[in-house]
Amino acid sequence: MVLTTIGKEPGIGVSDLATRENMRTATMSTHIKQLEEQGYVVRDQTLHADRRRVGLAITPQAEKLVSDVRRLRTDWLARQVAGLPAAERAALAKAVNALTLLGN
């Protein structure tokens, strides 16, 4: 989730990220350090709107990881839906519009 948020908002700071994820800043900072060590996140002062602060960005390695996880989840969900009886699949199809509105 953290990588996805940073990917969608390059330049977000650790404090803002912690607030969004309902975490303490110190805890988020620890997670970010681990992601940096693994090569998934970089810090860059030029990314944050306030040049006095450091922004975060994901690396190509992280982009691939996020993409792979998204694909695996989508494939899993597609298999689950395909296994439902026809009436339940039809009910899901009708609910898609409402769910789409909720997501906006």
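Guide: Helices are DSSP runs of H or I with at least four residues, strands are runs of E with at least two, and both are numbered from the N terminus. The model is a predicted one, in which local features need pLDDT of at least 70 and side-chain atom pairs count only at pLDDT 80 or more, while totals for chains, interfaces and linings use all residues. Residues are numbered from 1 along each chain as its sequence is written, and side-chain values use heavy atoms, with hydrogens and water left out.

Visitor: Where is threonine 5, and why is it called buried?

Guide: Threonine 5 sits in helix 1. Buried means under 20% relative accessible area, exposed means over 50%, and partly exposed is in between (1.4 Å probe, protein chains only). Threonine 5 has 15%, so it is buried. Leaving aside neighbours within four places in sequence, threonine 5 is in contact (heavy atoms within 4.5 Å) with Ile12, Leu17, Arg20 and Glu21.

Visitor: What makes isoleucine 6 count as buried?

Guide: Its relative accessibility is 0%, and therefore isoleucine 6 counts as buried. Isoleucine 6 also belongs to helix 1. Apart from neighbours within four places in sequence, its contacts are Ile12, Leu17, Ile32, Val41, Leu56, Ala57 and Ile58. One of these, leucine 56, is 50 residues away along the chain, yet the two C-alpha atoms are separated by 6.6 Å.

Visitor: How do you know what length helix 3 should span?

Guide: The expected span of a helix is 1.5 Å times one less than its number of residues. Helix 3 covers residues 25-37, which is 13 residues, so it should span 18 Å; its end C-alpha atoms are 18 Å apart, and the two values agree.

Visitor: Which residues of helix 3 are buried, and what puts them on one side or on several?

Guide: Met28, Ser29, Ile32 and Leu35 are buried in helix 3. Their arc, taken from the directions from the helix axis to the C-beta atoms, is only 120° around the axis, so they lie on the same side of helix 3. Among the elements that cover them are helix 1 (2-8), helix 2 (14-20), strand 1 (41-44) and strand 2 (55-58).

Visitor: Why are histidine 31 and glutamine 34 placed in the class they are in?

Guide: Histidine 31, in helix 3, has a relative accessible area of 33%, so it is partly exposed. Glutamine 34 is in helix 3, and at 39% it too counts as partly exposed.

Visitor: Where does threonine 59 lie, and is it buried or exposed?

Guide: Threonine 59 lies in the loop between strand 2 and helix 4. With a relative accessible area of 12%, it is buried. Not counting residues up to four places away in sequence, threonine 59 touches Gly39, Tyr40, Val41 and Val42.

Visitor: How many residues of helix 5 are buried, and where does helix 5 bend?

Guide: The number buried is zero out of 18, so helix 5 lies largely in the open. A bend is the angle between axes fitted to the seven residues ending at a residue and the seven starting there. Helix 5 bends by about 40° at valine 96. From first C-alpha to last, helix 5 (residues 86-103) reaches 25 Å, close to the 26 Å expected.

Visitor: What makes a space a pocket, and which residues line the largest pocket?

Guide: On a 1 Å grid over the protein atoms alone, a pocket is an open set of points where a 1.4 Å probe fits, with protein on both sides within 12 Å along at least five of seven lines; lining residues have an atom within 4 Å of a point. The largest pocket is lined by Met1, Leu3, Thr4, Leu65, Val66, Val69, Arg70, Arg73 and Thr74. Helix 1 and helix 4 (60-82) are the elements that give two or more residues to this lining. Helix 4 gives the most, with six residues. The largest pocket holds about 250 Å³ of space, a volume being the space filled by probe spheres set on grid points joined across faces, edges and corners.
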